[in-house]
Each structure stands twice: as C-alpha cells, then as structure tokens.
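Work through the exercises below with the coordinates open. Each task is followed by a stepwise solution.

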Amino acid sequence: MHIVLFDNAEWRMGLYPLSLTRPVADLRVGILTIAEKWAKRWNAPYSFLSEDYLAEKYPLGEVSGDVLLIRGNCCPDSRLFDAVDALRGGQVLTSGSEMIAVRGDAGDLFPWNPTAIQRFSRVVYEHNVVEINHPEDLFLNNGQQIGLDFDLLTKGRTSASLSNSNRFLGEQIFAEEGAKAEFATFNSTMGPIYLGRNSEVWEGSHIRGAFALGDHSQVKMGARIYSNVTVGPYSRVGGELNTCVIWGRSAKGHDGYLGSAVMGEWCNWGADTNNSNMKNNYKSVHLYDYQHSDYRDSGLQFCGAIMADHVRCAINTALNTGTVVGVGATLFGGEMPPTFVPDFSWGSPEGFSTYRLDKFFETASLVYQRRNLEFTEMEKRLLTTVFELTRKYRNQTYIN
C-alpha cells in the first residue's frame with residue numbers, strides 16, 4: 001500500500017506563508033509531520049500530491065497498486081485511522097461535504113482527477129476531525145498532538161536512560177538512543193516529554209511537558225520551556241519558549257521569548273528577540289491572511305509570531321502580537337516591524353526593500369554549508385517560484 005497526501009488550493013493558501021515552501025502534510029505539529037503521522041501507523045511509504053512547483057522536491061513518484069489518498073491537512077487519531085484503514089477499494093471517507101480519504105487502484109486514481117471518484121461509494125465519518133487550516137492551528141493543537149505522537153512512537157518500547165543528575169517529576173518521559181541531559185528538571189505531570197535521537201538538554205534547563213525535542217537538537221543552558229512546545233530536528237534553542245512549534249533546522253539560541261508561535265525551517269531568532277502574544281487592550285489578535293490580502297480575526301487572545309522558512313531576525317528584534325513574516329525575510333532595527341512582513345523583504349521598520357534573489361541565494365548557500373549540506377539548484381528553483389508568487393504582496397502597504 002502507498003499513501004498519498006493531497007493538497008487543496010484553498011487550505012494551502014490559508015496556511016501561507018508556511019505552506020509556500022512545502023506541501024501542507026509536511027507541516028509539523030506534535031512530534032511528527034502530518035505525513036509522518038499517517039505513514040508511521042501503517043509503516044508504509046508516502047508521497048505528496050501538491051502544487052506543480054513543489055513536485056520536484058516533493059514528488060508523487062511511481063505509485064502503483066493499492067493507494068490511500070488522504071487529505072493533507074487532517075491529523076489522525078486512533079478512531080480516524082481505523083476508519084481510513086477500514087476503507088476498501090472504491091470507497092471514499094467523507095466528513096460533511098469534505099473528502100477525507102479515498103482508497104483505490106493507482107490506475108483508477110492517477111492522473112488525479114477528483115471527478116473520477118464520483119462513482120465510488122461513500123462512507124460517512126461522524127466524529128470530529130482535527131484539521132490544520134490556518135497557521136495558528138499548529139500551536140493550538142500542538143500539545144494534544146505531542147501526546148498522540150508520543151503514544152505512537154513509544155508504545156511497547158523502553159526509554160534510554162538519562163543521567164541521575166537530573167530531576168524528574170512524573171513518568172511520561174522518553175529518551176531515544178543517544179539523548180543526553182545533565183542537571184535539568186523535567187516535569188511530565190502536565191504532558192509527555194520526548195527527547196529525540198542524539199538530542200541534548202544542557203545544564204540548568206527547566207522543561208514542562210508536553211514537550212518534544214527533535215533528533216540532534218539542543219536545549220541550551222538555563223532554558224525555560226513551558227508546555228506544548230515542539231523543537232524539530234537539528235535545531236538549537238535557549239531562553240523562554242511556550243506553546244510553539246519550530247519545524248526544524250532553525251536556531252533560537254539565546255535569551256528571548258517565543259510564545260504562541262510557529263517558526264519554519266532555516267530560521268534564525270537573534271539574541272534577545274521577543275514576540276508579544278497578547279494585545280495591550282486584551283482584544284482578539286488579527287493575522288494577515290494571504291488568501292484575502294487582508295487581516296483576519298483569529299478569535300484568539302494569545303497569538304504571537306508566524307514565521308516562514310529562511311527568516312532571520314537581528315538582535316533585539318521586537319515582534320508585535322500576531323506578526324506574520326514571509327519566506328526569506330530579514331528583519332533588523334530597533335523599532336517594531338509591521339505585523340505583516342512580505343516574503344523576501346529586507347529591512348527595518350524605517351523601510352523595507354526587496355531581498356534580491358542572488359543575494360538571498362548567497363546567504364542560503366553559506367547557511368547550508370555550515371550544516372554540511374548543499375543549497376541545490378532544485379531549492380533555488382522552488383524559492384524562485386515562491387519569490388514570483390509573492391511579488392504582489394511586496395507592493396502593498398500593511399497597517400493593522
């Protein structure tokens with residue numbers, strides 16, 4: 001069986017700028033990405049059906065035989081998984097008017113045409129489905145998803161041992177092989193704590209679950225990590241974190257606050273950079289919405305920063321409540337930037353210019369080299385398309 005996670009233009013755009021550089025199912029919430037959650041349950045290969053410009057990096061590949069085509073913004077729990085698993089060839093699982101999954105032979109499903117399944121029989125799913133439709137849905141659902149992924153990843157397994165120099169409250173802590181921690185406190189009474197392979201928690205750190213630390217990531221000395229925090233693989237964090245998701249390969253290595261927030265891949269959060277996550281007047285937070293080229297009322301009292309891939313903040317950057325920062329932006333200066341910084345913008349609150357692609361590529365190449373990786377021509381082509389797709393946003397004025 002092969003799993004294909006499919007995208008829809010509406011929910012993809014609702015998740016901009018996070019989904020500009022990846023399929024929706026490649027977004028991380030909890031310990032795993034959405035695609036990994038499904039694939040892990042079946043121990044089956046997966047691929048993506050998304051926008052054409054993403055296909056080179058996230059290909060559909062050679063798909064044959066039995067295929068499960070699954071809505072890419074849906075997070076599985078045991079009940080939803082069982083319902084999808086029970087599908088037989090020629091059946092579609094629906095929730096209201098939405099298609100959740102379809103099962104069939106690859107020859108009947110591809111090339112993909114939604115009208116091709118009109119002859120398939122319907123199975124109605126009558127329970128709630130956790131859908132990721134807006135960026136804030138990632139941090140809002142993160143604690144619950146850490147718990148589900150923790151159970152999925154650790155069931156029937158024994159944790160690696162951690163040093164007795166640490167202090168533990170609660171029993172829900174699991175360390176993968178090579179994980180290390182010294183002179184830290186772990187409180188799992190509020191939610192599970194997961195430490196990935198070869199991850200490190202340095203001295204003096206205080207961690208309260210639910211918390212997930214990705215493979216090869218580090219928590220620096222004296223960090224304070226509150227509940228519902230995910231730090232993806234190959235990242236380094238310090239300071240204060242609360243109810244947030246870091247996709248991976250990003251750095252928040254110094255003091256400063258990140259809360260009610262999402263950070264993408266290849267980001268750098270400068271020393272003493274902070275985001276506000278509540279307005280002074282206690283009103284609900286408005287977020288810039290690419291789909292409508294306007295601000296959307298999130299209905300949330302707590303909502304910090306939404307930061308796409310390849311964003312860099314200089315030291316002492318102050319981000320206002322509900323700030324959305326697009327792909328490839330660079331921020332500096334002593335004043336608060338606007339609450340929407342368009343993709344590939346370079347500058348300060350005094351003024352922004354377009355970050356020239358050749359200069360952006362030079363920097364990205366150096367960032368990749370530091371991690372012994374190559375910034376490939378494929379990456380350049382993908383980001384060039386994102387640059388063109390977001391050109392119109394750089395020519396507008398944003399006031400919230």
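Which residues form one aromatic cluster? Trp266, Phe332, Phe344, Trp346, Tyr355, Phe360, Phe361, Tyr368, Phe375 and Phe387 do.

The model is predicted: local features need pLDDT of at least 70, side-chain atom pairs count only at pLDDT 80 or more, and totals for chains, interfaces and linings use all residues. Residues are numbered from 1 along each chain as its sequence is written, and side-chain values use heavy atoms, leaving out hydrogens and water.

**Exercise 1. Classify the ring pair Phe332 and Trp346.**

Step 1. Apply the pairing rule: rings of Phe, Tyr and Trp (its six-membered ring) pair if their centres lie within 6.5 Å; planes under 30 degrees apart are stacked, over 60 edge-to-face, the rest tilted. A search of the whole structure finds 25 aromatic pairs.

Step 2. For Phe332 and Trp346 the centres are 5.7 Å apart and the planes stand at 70°, so the pair is edge-to-face.

Step 3. Locate the partners, with strands (E, at least two residues) and helices (H or I, at least four) taken as DSSP runs numbered from the N terminus. Phe332 is in the loop between strand E32 (330-331) and strand E33 (340-341), while Trp346 is in strand E34 (residues 345-348). They are 14 residues apart.

Step 4. Check accessibility (buried: under 20% relative accessible area; exposed: over 50%; partly exposed: in between; 1.4 Å probe, protein chains only). Phe332 is partly exposed at 32%, and Trp346 is partly exposed at 37%.

**Exercise 2. Where do the charged ends of Arg28 and Arg394 sit?**

Step 1. Require NZ of Lys or CZ of Arg within 6 Å of the ring centre and within 35 degrees of the ring normal.

Step 2. Arg28 sits over the ring of Trp247, 4.7 Å from its centre. Arg394 sits over Phe387, 4.2 Å from the ring centre. Phe387 also belongs to the aromatic cluster.
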